[in-house]
Amino acid sequence: AGDVVLITGPSGTGKSVLLRAVHGCLTKKMSLPQGVAIEHGEVNGPSRVSWVTDIDLSKAPVDLLAHVSLERALAMLGVAGLAESSLFVRPASTLSDGQKYRLAIACAAVEDPQVLLIDAFCEPLDDLTAAAVCKGIVNLSKRTGMVVVVATASPDRLLSALQPDIVVQLLPGKSLKIHTRPNTNGARDENKEGNNINAVKG
């Protein structure tokens, strides 16, 4: 089963920088930023990595997802909370901001990545819709083995539905805490702290 990793911290602590570093490291397209290192293990890649990015608003979901089967396209739209069939043929420009965001998630997830990266996770969505998207992402991760790494400055409203396996908490002063969920035997992994990540603020 795939893991769900939540990166959180106040603005300016380097959440987006860390996501970009993970993406570059996994795809072998860039090295880690200066001062950031993998201290345990190594990355075997390149991996199939999808990043949720802006979509072409002139196209309808049916066109944006035309390169995959209709069944898979509808399944990914369902994961993103866009199950209404009427939305499938509407230009993306006519969708609400929340619907555009969810469509962008579907477009990234449909590529069958090993790792899905999402910045500013669920921030444009109301609490109810955000919870639905969280549950859809978690179910997809557990079913396919896909690792999902999300970043947000407002994690509290997402924790119950997202149930992350790992929380990377970035703190002011270039430090971090890593929290893990309990093991299957009920024992909780020891939280790890460090102050040497030297994350670039931005």
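**Figure 1. Salt bridges of the predicted model.** The structure holds four salt bridges, a salt bridge being a side-chain nitrogen of Lys or Arg within 4 Å of a carboxyl oxygen of Asp or Glu. The model is predicted, so local features need pLDDT of at least 70 and side-chain atom pairs count only at pLDDT 80 or more, whereas totals for chains, interfaces and linings use all residues. Residues are numbered from 1 along each chain as its sequence is written, and side-chain values use heavy atoms, with hydrogens and water left out.

**Figure 2. The salt bridge between Arg157 and Asp127.** The N to O distance between the two side chains is 2.8 Å. Arg157 belongs to the loop between strand 4 and helix 6 (159-162) and Asp127 to helix 5, so the pair ties together parts that are 30 residues apart in sequence. Helices (H or I, at least four residues) and strands (E, at least two) are DSSP runs, numbered from the N terminus. Arg157 is partly exposed, at 31% relative accessible area, while Asp127 is exposed, at 52%. Buried means under 20% relative accessible area, exposed over 50%, and partly exposed in between (1.4 Å probe, protein chains only).

**Figure 3. The salt-bridge network of Lys142, Asp165 and Arg181.** Asp165 pairs with Lys142, with the closest N and O atoms 2.9 Å apart. Asp165 lies in the loop between helix 6 and strand 5 (166-171) and Lys142 in helix 5, so this pair ties together parts that are 23 residues apart in sequence. Asp165 is buried, with a relative accessible area of 16%, whereas Lys142 is partly exposed, at 32%. The salt bridge between Arg181 and Asp165 has an N to O distance of 3.6 Å. Arg181 lies in the loop between strand 6 (175-180) and strand 7 (192-194), so its pairing with Asp165 ties together parts that are 16 residues apart in sequence.

**Figure 4. Strand 4 and its parallel partners.** Five of the six residues of strand 4 (residues 147-152) are buried, so the strand is largely enclosed by the rest of the structure. Strand 1 (residues 4-8) pairs with strand 4 in the parallel sense over five bridges; two strands pair if DSSP finds at least two bridges between them. Thr8 stands opposite Thr152. Strand 3 (residues 115-118) also runs parallel to strand 4, joined by four bridges, and Ile118 has Val150 as its bridge partner. From strand 3 the chain passes through helix 5 (residues 127-144) to strand 4 in a right-handed β-α-β crossover, meaning that, with the strands pointing away from the viewer, the path from the first strand over the helix to the second runs clockwise.
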